Amino acid sequence: MSLFKIFSIAGSGMAAQSQRLNTVASNLANVDSAAGPDSKVYSARQVVFQSAAVDASDSRASGGNGARALGVRVAAVTTSSAPPRRVHDPRHPMADKEGYVSLPNVSVVDEMVNMIAASRAYQNNVEVMNTAKTMLAKTLTLGS
Amino acid sequence: MIDKLSEHLRFNSEALRLRSTRQQLLASNVVNAETPRYQAQDFDFARALNEATARPVSNSNPGRHLAPALYERVSYQPSLDGNSVDLDAERAHFADNALRYEAALRILNMQLKTLLSAIQG
């Protein structure tokens, strides 16, 4: 029954989007975490999505042309390679010899956009799951 | 006799099965709306239903179904990461398919009720 697979598909989407929201939260929380003169500064994290079969039997049958249940998973979490923000603040305890403090390369605007997109995508997945639930509940009343 | 009964219900039960397969496919499209290089997939429902109902029922393996032929949807606004999912269109297809599933369900229910009233008199 394909309708049951929708729960796995939408569930995988919700898990992936919540992980994305997690990285956004981590990035935003660390936006002002200063690093010392030589220690590493926090760099922004991003998730990479990849489509993946939701159950093992499906990935084995992938050679066929059948309708595969493709969910989504987080393939990797990458860290941004952009240089850290350098702020001139000689009175800061973490400032280096020239008076600069290294701050994470987190772009607050990007993160806010990412957050809204993740939240909307999550809502979409919930909507999909609700529709599948309603359809299954109606199917259960068949013949009564 | 039982053969005739199941033949009577076959069209709508096949329709129901294909609708649920399509719903699953559309759910995959919605979920992968932001996956790089994902291609939105769908199948031609009318053709799949024709193929499924034209075939005689095989008595040896009645549970075996023909998988519908998939095609990749043409995107009107493809994105740079190679993803071809158009979320508005997918959501519209999803809602439409759910409604048509319900319609097939209702007709099947009516057929069953008709049969039942014929049996009970």
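Buried residues have under 20% relative accessible area, exposed residues over 50%, and partly exposed residues lie in between (1.4 Å probe, protein chains only). The legends below describe a predicted model, in which local features need pLDDT of at least 70, side-chain atom pairs count only at pLDDT 80 or more, and totals for chains, interfaces and linings use all residues. Residues are numbered from 1 along each chain as its sequence is written, chains are lettered from A and ligands numbered from 1 in the order in which they are written, and side-chain values use heavy atoms, with hydrogens and water left out.

**Figure 1. Overview of chain A.** Chain A has three helices and four strands, in the order α-β-α-β-β-β-α from the N terminus. Helices (H or I, at least four residues) and strands (E, at least two) are DSSP runs, numbered from the N terminus. Of its 144 residues, 35% count as buried. Among contacts (heavy atoms within 4.5 Å) in chain A with a separation of 6 or more, 67% join residues 24 or more positions apart.

**Figure 2. Salt bridge between Arg85(A) and Asp32(A).** A salt bridge is a side-chain nitrogen of Lys or Arg within 4 Å of a carboxyl oxygen of Asp or Glu. For the side chains of Arg85(A) and Asp32(A), the N to O distance is 3.9 Å. Arg85(A) belongs to strand β3 (residues 85-88) and Asp32(A) to the loop between α1 and β1 (45-53) of chain A, so the pair ties together parts that are 53 residues apart in sequence. Asp32(A) is exposed, at a relative accessible area of 58%, whereas Arg85(A) is partly exposed at 35%.

**Figure 3. Interface of chain B and chain A.** Contacts link 29 residues of chain B with 35 residues of chain A. The buried area, that is, the accessible area (1.4 Å probe) that two parts lose on being put together, summed over both, is about 2600 Å², and carbon and sulfur atoms give 63% of it. In chain B, Gln24(B), Val31(B) and Glu34(B) lose the most area to chain A, together 24% of what that side buries. Two salt bridges are counted between chain B and chain A.

**Figure 4. Surroundings of Arg20(A).** Arg20(A) is found in helix α1 (residues 2-29) of chain A and is buried, with a relative accessible area of 9%. Its side chain meets that of Glu34(B) in a salt bridge (2.6 Å, N to O). The side chain of Arg20(A) also makes a polar contact with the side chain of Asn114(A) at 2.9 Å. A polar contact is a pair of N or O atoms within 3.5 Å; within protein, one must be able to donate a hydrogen and the other to accept it, and residues adjacent in sequence count only if both atoms are side-chain atoms. Beyond four places in sequence, the residues in contact with Arg20(A) include Val47(A), Phe49(A) and Ala117(A).

**Figure 5. Helix α2 of chain B.** In α2(B) (residues 45-54), the buried residues are Phe45(B), Ala48(B), Leu49(B) and Ala52(B). These residues cover an arc of only 100 degrees around the axis, which puts them on the same side of α2(B); the arc is that of the directions from the helix axis to the C-beta atoms. They pack against α1 (2-31) and β1 (41-43) of chain B. Asp44(B) caps the N-terminal end of α2(B), with a side-chain oxygen 3.3 Å from the backbone nitrogen of Ala46(B).
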